[in-house]
Structure formats: structure tokens, C-alpha cells
Amino acid sequence: MSGREPGPVLLSMRGVGRVHGHDEAAVHALRDVDLDVRLGELVAVMGASGSGKSTLLTIAGGLDSPTAGTVTVAGDDLGSLSTKARARLRRRSIGYVFQDFNLVPALTAIENVALPRELDGVAARRARAEALEALAEVGIAELARRFPDELSGGQRQRVAIARALVGPRRLVLADEPTGALDSVSGEEVMRILRARVDAGAGGLLVTHEARFAAWADRTVFLRDGVVVDSTGAPSRAEHLLAGA
Amino acid sequence: MLAWWRGLRAAGRIAARDARRAKGRTALVAVMVGLPILVGGLVGTLALSTVPTPARQAQAILGDQAQARIGGLIQPGLAQDATATSWYGADAPGAVEPVDVASYEDALAGALPAGDRLVAVRQGGARLSTGDLLAPGWSSVLEAPAEDLAALVVPDVRDGTLPDAPGQVAVGAAWARALQVGVGDRITLQPEQPSATGGVELGEATAEVVGVLAPAAGGASVYAVPGTVLPAPADAGRAAWFVLGDAPVTWQHVRAINELGSTVVSRHVVAHPPTRAELAALGIGADDGATSAGAVAMIAGVGALGVLEAVLLIGPAFAVGARRSARQLAVLASAGAERRHLRQVVLLGGVVIGAASSLVALVAGVALAAVVRWVCLALDVMAFPDLRVPWSYLPWGVVLGLVVATAAAWFPARAASRQDVVAALSGRRSEARPRRAVPVAGLVVLAAGLVAAAASVRSASTPLLVGGVVGIELGLVLSSGALVALVGRLAPRLGVAGRFAVRDAVRQRGRTAPAVAAIVAAIAGVVTAAVYVESGEQHRRAQYQPLAAEGVVVASFSTEGDDVEARAAAVERALRATLPVRDVVAASLAVAPGSAGRETRDPQGADLPVDETWVAVERPPDQRCPLDDLLAASPAERRELGRDPRCVAEGSYQVVWTDAHGGGGTLVDDGAVVGRLGFAGAQDDAAALRSGAVLVSDERALWPDGTVHLALERWDAQTGEHTTDRSLVVPGRVSGMPAQYGLVVPPPVMDDLGYVAVPVGFLATTTRMPSETEESRAALALMRADGAGYVTVERGYRGEQPLVVWLLALAAVVVGLGATGISVALAGAEARPDLATLAAVGAAPGVRRRVAAAQAAVLVVLGASVGTVTGLVLGRVLVVSERARFEVYDPTWLVVVPWPAIAAVALGVPLLATGGAWLLTRSRLPMVSRIAA
């Protein structure tokens, strides 16, 4: 929870809906969702299983397309972008953090982190340098040359976070990043995410644990694909004291 | 461009490390890619190694010391290539006046380099025998002065020494083994030498074996000093020389000797051949080795089908690898990888494995070839004089391996790039929807292939035929997904295991369709080949024209010279002494008076112009082939008219008895010979002859009134004119004999023709089938009785063993089992979650085995049945197309199906595959847990 005012809107979702299947087999994963994430803001999304949290995240990152509404990231309407352009967006602007880490087992930690940059055509040396910076940012620069199966769960998640943060990426999408970790490691991960957001990124965090949602500036509640409630910055104690 | 390359490097790094991590799958792909490359490297190296290097070529002819070998005088102004393999002169051979040896040697010596000298040798062929044994074939004999012999002998002396006096010989190891002789034994040599009448006869000499030579590539079989075996050359045309000395015989020297009239094999020129331009200036062109379009199409077609088969077998391994990496690929997508990056990860796996395995396989193939050569040398087999590696072709082996592995990874790569990223990230299993365009394209290609194959039968076009076969196979491969989908309709009628297997096959067509296609392609190919091979064997059996019934002996002797009667008697005695003969009758040919025993060659050996006469059989007008009346027919007309039954040829056959010119004449017989030949209706044929009728083997030659029209034809050697002297109509009968007895006349008809009978041989019936040893002894005895004596025992058609068909069946079994095994093994791993669910709901442990067996059965029964039907159709197409391959239509090509071998494939492969899957699968079901799909 930062005392800074959030910056401009980084991610904007308007009237977003997602339907799977047709006719009688149709499933409404999302209905008419409006959501903004600003630079310097961490937004948590909570809800029961099947409420549409992960669908929201995949649509926000351009991995899936909504069946209704618009999604804008850094001013680009994802619906108007080609598959290639959306992939480019994920290399340069959007970073994903998954519950299961999803590191490439055949690559070392630094290679995993450098991957988006290398895929973007950055020279290997420069990509590795940026990756090392990102690993230092999450506190595990000394583990750069280890393979994922040589790291603990917490360390792997830090590598995943570093990969999500490497380069000029500003929007971090985290899907249950603490789900596979013990409570201590989970707190560490949230601290890193929070620090990154405070440094100027925007974050969208999916979680089903309130204690991790408490790290966010706002929390949005989903049920059956619909935003049923939202808690925001005004409820923070610091804000109450502002201007007093 | 740079960005593209950097992204490719990242994808390549992942692909290479994945290949190292999945060792089992990588090894499987590497073996399947590398094994054919290894075989190619092995066979290619061994094939090239059978061709001697220029140095070896020279050594094989010249030994270690001679600079050159000069042949006898042919004609002045010759032109030759570097090895004297091809040469030509302006005039026809035989038109040169004989030149004495001494004066020609003087001329040759003047053309040699300074310091070199000529060594006169005698070279020729001889039959070798001992008292009991006749070595098969002709040996090559080289006689040289004793002081120079050691320099000219090519093989090493293994036992004894080289000859140093007349009456001694050194023989090659193979000949010594055939004659069972060693140092100190005596052998008989019968060289070919000119006869007094200008022909050729066999001389005879005996000699002591003083040395046995080691096996070698090249050189003569027998070495001796002059005066042992071969007669002295009468003139320079029959002489030969070697050149000994230190100075090389260059191309200029060779040309100078060519101008004198001899060919030269020079060590220096073989190693430093003249340029193409120099040869072209002499009118000697390189051997273009023109390959027919048909041969190219055949090789390309077989190669393409082989690559397709390999791709189909390897593809599923990549498909499963890509599916197992689905989550990893989805992570890459989430990190910003485009579809091309995902494709590259899978494809580069194929590139890496293909390149590495091909390289290793090529090296292994060449190494294995070296081992094979070493073993052959140890066994005295000189098949590979030098180890020659086809370096310029080896890179193509790597390219081929790359192409196969990359092609196998192509479709899995495309599927991986199109996967549902979200589903993969969330751990859900998803199946890519099959594209309808592929089976439709497959049906179109299949239809085109059928049309092309049908068209090739009429047009006898090999490229069209090969295109049709490839199109049919390719069409079936592309349609295999649709075939699998069709099988899916059976699911509701099956039990749990069967229903599971069928639905799994339909839903995982990326894995099952290639396996089905591989089985279809393999079995179709094998069945096609088996039908063709069996039909070819039956065709050869139908074409075979026996000389007589089995066990009957046919012998002939020369009709040249004045002592024919004495030789005939000696031949008859030899037959009776060596074979279990029952009775012997003489055979005679009807020839024009004065033609028997005529001089046919001049003293120089050139053919003398003599008139030719023969008896021709005229067919009725309605039985004449229409082609005979066409002055010039196009190939299409020939093919079309060639199908007319009147134009079908009687086939080729071996001439039984020959006249003075070496050609087959008209047999004259009163029934004694025909009655003993033993063919069907022999006694009726003999009776017809006794009644004065002639026998014809071709029913088209018999006129409606039961007569045969004979015409005495003559070819005038002076004018080149062909005339009919006279015609004769005689009673006739169609005999049951083969085409070599096309016309048999009784003595009265021979008299009417104005011909005379000339004895040419004997026919002997036997009390039992003579053994091959007895036949060999008879051959030796006849050769001693008459140098040109010949005997053969009719043993019936001896076809090829059906080994080829069974080897093909074995190949189909291996490929069928391999394809099924790969797919079922891959399916087993993917089906773990489903099997765990089955266990959780109470399925017995044996269900797992039944599921595996059912999965195997779905693939292999579908593939084997479609493949067998396709193979039978293609086999029929190939066999029928053979009928019109040549301009003369050949209806004896019949479609013959080797049903036992086909059944072994069509039934055996499914049984083995299903049974193997059942036996080799563990029966314990996995437990339900948080299993990531």
C-alpha cells in the first residue's frame, strides 16, 4: 500500500464478456466486466473457483479474446491487434506470473528471464544483462546459472516474477502467484510484487486468499463472471489521514 | 533479420536441451532417421569400393613394374580412351593386311620412350581340367619369357614358385581349388587356337603346377613361359607386348602407337588421363550413361515413398513430444513467443536430431563398410580392391536425414503453434480440430493417382505409372485421418476397452493417423511388390521353353571338318559312358546342298560372304500380323496393333541344334527324335511325321485345309537381295512342342525341298534324372571327343526361390509392428489420467491390457486391411502394365497373388501387434492423484 497517487490507466477493460461454447452448452465465464489498472496500482481479483478470475487475466494479457467489450493496454486496443502484435505486447509490455511458475525446465534461471528479450530480437549479451538486473531486483542474482529443478519453490517463483518484470514491461498479471508456496515464501513474493508496483508498474493479482489480497490497493470480487463488489483505496487508513 | 536470427537461436537452445532431456524419445527418432542413412552409407561405400581406383586398374593389368601393355595390330589410325576400354578405327576390322611380328615390333620400339623395352607375350583363353574334373568357364593365360615373368605377374605367389621352363604353370588359387590340385600336380590345358580351316579349335597341352597364386583383383589365371600352352602368334594381329623400363608411357606415346594400329593401357595415362577436350578431338566422348526417364521416375518414386514412410513412422514421436511440451510452449507464448517461435522449437528438435543422427550414421556406415571389406580380404574375397568413400555424396546423406526428421516434425510443429494456450496453461487437455481440407485433398490426390495408373497401362509410360502409384499412396496417407474418423462410428457397438481405444484414436488423430498411414503405405508397398514378384516368376515360368521333357539329354557336335562321322561316334560313346542313357538317336537338320562344311571365315578370321537359305512358314492371310504390312509404324500404333493375337510373338528360346552358321535350322525327323522328346502328344506327332505331314508349333501357321505352306527363302550375299526360290504346300499338324521346334519336316518333304540331312547331334532318353556331377563329367567327355561338343540335361524350369516374397512379408511385419508399437506406447503415457479414472470407478487391472490391445488393433487392422486392398490393386496395375511395356504385346503376364505371403501379412501383422500390445502392457492401473494432463 503506497501513499503515492496512481498514475494513468495502463489496463482498461470495458463491458468485457467471454462465452465458451454455443447455445445450450454456452458458459458465460465473464459478463460485462469493467476494470481499470493504473500505473503504480496493484488490483486484486478474488472469487470462488469458476468465478472467472483466470479468464479475466488471460483476456487482460491478450492470450484470449473477449466475446464482448474492449480491452486496452497502454493505449492499444487488443481487439484490433493481430496475434503477432499481441505476442509483441507480451514481450514488451505485459508480464505473466503463474501459480505453477511455468519456467522452461531446459533453460537456466537467467535464460528463462532473458527469454522474452531474446525472442524480441535483443542481443543475447544485453538480454542476459537485463535478466541479471531483474534477478537482482528479486534478490536471487546468485542463482542465475541454476536450472529450475535446482531451485526451491520460492526461488522459482522469484525467477518467474523476474521474467515478468524484465525489460520495459509495465503491466504484471499474476495468477495465484503464491498458490504453490508456503506462507513465508508467499509473503516474500507479495513483497516483491508490491515493490515493483510501487516503482511504477501496474499489477493485476488473482488470489483466493484475503491476506494476499490485502497487499493490493483495490480488490475486485467476481462471482459467476460478474463483478459483484469492489473495495478500493478510500478504505485505507493512510488515505483517511490525508488532508487531515 | 538479426532479430529473427536471435529469436531462432533462443528456440534452438530450447529444442536442443529438450532433446537431451527426453533421451528415450530422442534415441528412438535418432535410430529411425539414422538407420536408413547408415545402410545408405554402407551400401554406397561398398558399391564404390567395387570400382578399382585408376592406380588399382593399372596394377590389375600391368602388375607392379610394367609401364604399359600393347595389344595386337588392329588397324592403323586408331583412337582410344585413357584405359583403352573404348576405341574405334575408320575401317572394319579384318580389312588390314597381315603384318609379321618382327617388323611390327621394330615399329613399336621406335614409338616407345627412350630406355623402355618391349617384352613379347602370348595371351589367350584355355579350358582347364584334370583326369576327372573340368573347371567351369575359361581361364586367362599369360606366357612371358622366364626372365621377365616375375615383373608381369600380378598376384603374389602363395605356394611354390613361378615357372621358369616350358611345361610348367602357376595357377590362381580359385582354379587350383576347382581342380583340387596343388604344387606338383599335373593339369590339362585346352587353349583356343586357329584351325586349319580358318576357324577356331581347341588345342591340348599338359603342364606341371609349380606355383599357386594368391587371390588378386586382376591379372591372368595361369602364368607360363612360351611353349607351354599357347601357340606363337602367326602375325602382329594376334600378338601382344608389355613395356618394361623406367620411363613412363605418356599420352603422346600412346597416340603414336595408336597410329601404328594398336591400343595401349599405360600406367601413366590411367593415372593422368587426357582431358575431355583431347578425347573429344579424337571423337571419343564420355559415357553419358543416359538414364531413361522411366528409370529416373522409378528411382525417384521409390525414394519418395521411402522418405514418406520414414516421415510417417517418426512423426508421432514429434507429435507426442510437442503435446508433452504443450505447457512449456504455452509458457513461451505467454512470455511473448509468436507462433513461429513455437513451431521453431518443435522443428529445430527435428533438425538437431536429424543432423546429429545422420552424421553419426554416415560415419558408422563407412566404418562398417571398412569392416566388411576387411572380412572379405581375410576370406580371400576380392570384391573390394580399395576402400573408396563417396565423399561427394555423404553430405547428401546428412541432408536426407535432416529432411526426413524436419518433415516428420513439420505437422506436429504446426499443431503445436496452433494449440489453445489458455487450455494448456490451465492444464486442460485439448485436441486440435482436424482440418477438413486435408482428407479432401487426400481423396483428390488418390483419385488422380488412380487415373494416372490406369492411363499408364494403356500408354506404357513408366513416369505415369510411378506418378500413379505415388499419388495413390500419398492420397491414402492424407486421407488416413478420415479413415480413422470413420472407424469412430463403431464405438457405440464395442465394449469399454474397444470404445475407449476407438474414441482415443479419433480424438488423437495427430498420433494415430500417421501410424495408420505408415502401416497402409508399408503393407501396400509390400503387397504390391509381392504380387509383382510372384507374377514375374510365373511369367518367366510361362516363357520358359524346355528343350525336351525332364531328364532327356540333348547333345550337339561341330559339323565342320571332314571327320564329322568319327567325332559323332566319339560323342555318342561319351554320352553312353557318362550318363544313365536308355537309348540314343541321331538328330539331323535339313540344309541346302553344299552349305554344310563350307568355309565361313577367311584365314584372317573375317566372315566370308556366303548365301543364306532357309525354310519359312507362310501363314494364312487372315493370320498375318497387321504390323507386317506397315512400312513404318509409330510407337503408339505398335502398342495398339501389338495386342492383336496375330502379332503376339512366340517368345524367345534356346536353339537346340545349330547348322554350320551357328543358327537354328529345320529339324528333319521320321518320328524317332520327336517321339522321344517327351512332350504332350509326342507319339501322335511322331505318327504324323511318319505319314508325311510336317509339324508346326504355332497354330496360326496351319491353313484351314490342314496344310502348311513352306517357302524356300534365299539371301544373296553378293547383291543383298532376298528372294523366294519356290513354295511347297504339304499336309501339316500343330504339335505340342515349344517354339524351338517351330518346324519339323519328314524326310520325304526334305527331298521335295531339295534339301539334304546333316547330322548335328543326339537325343538320349535316360533311366533316371542324371546328377549335376554326371552332367559335368559328360560335358568334359564331350569336349574331349569334340572341342565344340555340348551337352545339356533338361531339368525343367528352375525359378528363383520365393525368398524375396517372404523377405518382403517380413519387412511389412517389422514396419507394421514398429508403427503400431510406437503409437501404442505413446498412447499409453497419454492415457494415464483416463486409466486412473477407470481404476477409480472400479475397472479390473486387466482393463489396461485390453485397452492397449484394443488401441493396437484399431490401428493395425485398419492399416492392414486398407493396405492389403491397395497393394492388390497396385500390384494388378503393375502386372498389367508389363504386358504393354515393349512394342510387342506380351499376354503371358498374368496377375498371380502369393496368397500365403499376403495372408501372413494381412493377418499376421494384426495378430502379432495386438498380441504384443496385450503381453507387453502392465496390468496395474495408475492411481488417481493430482496428475497434470
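A salt bridge is a side-chain nitrogen of Lys or Arg within 4 Å of a carboxyl oxygen of Asp or Glu. The legends below use that rule. This is a predicted model, so local features need pLDDT of at least 70 and side-chain atom pairs count only at pLDDT 80 or more, while totals for chains, interfaces and linings use all residues. Residues are numbered from 1 along each chain as its sequence is written, chains are lettered from A and ligands numbered from 1 in the order in which they are written, and side-chain values use heavy atoms, with hydrogens and water left out.

**View 1. A:E209 and A:R211 form a salt bridge.** Their side chains meet at 3.0 Å, N to O. A:E209 is partly exposed, at 24% relative accessibility. Partly exposed is the range between buried (under 20% relative accessible area) and exposed (over 50%), using a 1.4 Å probe and protein chains only. A:R211 is also partly exposed, with a relative accessible area of 40%. Over all chains, a search of the whole structure finds 35 salt bridges.

**View 2. Chain A meets chain B.** Here 30 residues of chain A are in contact with 23 residues of chain B. Contact means heavy atoms within 4.5 Å. The two chains bury about 2400 Å² between them. Buried area is the accessible area (1.4 Å probe) that two parts lose on being put together, summed over both. Carbon and sulfur atoms carry 58% of it. Across this interface the rule finds 7 residue pairs in polar contact, both residues at pLDDT 80 or more. A polar contact is a pair of N or O atoms within 3.5 Å; within protein, one must be able to donate a hydrogen and the other to accept it, and residues adjacent in sequence count only if both atoms are side-chain atoms. Helix 2 (83–92) and helix 3 (109–119) of chain A each supply at least two residues of the side that touches chain B. Helices (H or I, at least four residues) and strands (E, at least two) are DSSP runs, numbered from the N terminus. Helix 3 of chain A gives the largest share of that side, 5 residues. By class, the side of chain A that touches chain B has 14 nonpolar, 4 polar and 12 charged residues. Ala, Val, Leu, Ile, Met, Phe, Trp, Tyr, Cys and Pro count as nonpolar, Asp, Glu, Lys and Arg as charged, and the others, Gly among them, as polar.

**View 3. Salt bridges cross between the chains.** The rule finds 3 across the interface of chain A and chain B. One of the structure's salt bridges pairs B:R17 with A:E111, the closest N and O atoms being 2.5 Å apart. B:R17 lies in helix 1 (residues 2–21) of chain B and A:E111 in helix 3 of chain A, so the pair joins two chains. B:R17 is buried, at 17% relative accessible area. A:E111 is buried too, at 6%. B:E338 bridges to A:R91, with 3.2 Å between the closest N and O atoms.

**View 4. A salt-bridge network includes A:D120 and A:R92.** These two side chains meet at 2.7 Å, N to O. A:D120 sits in the loop between helix 3 and helix 4 (124–137) of chain A, and A:R92 in helix 2, 28 residues apart. A:D120 is buried, at 13% relative accessibility. A:R92 is partly exposed, at 37%. Also linked in the network are A:R91, A:R117, A:R126, A:E130, B:E338 and B:R340.

**View 5. B:Y532 and B:W893 stack.** Their ring centres are 5.8 Å apart, with 20 degrees between the planes. Rings of Phe, Tyr and Trp (its six-membered ring) pair if their centres lie within 6.5 Å; planes under 30 degrees apart count as stacked, over 60 as edge-to-face and the rest as tilted. B:Y532 lies in helix 19 (residues 509–543) of chain B, and B:W893 in the loop between helix 28 and helix 29 (899–920), 361 residues apart. B:Y532 is partly exposed, at 28% relative accessible area. B:W893 is buried, at 9%.

**View 6. Helix 1 of chain A is largely enclosed by the rest of the structure.** Of its 8 residues (53–60), 7 are buried. Among them are A:L56, A:L57 and A:I59. Just after this helix, A:G62 takes a positive phi of about 80 degrees.
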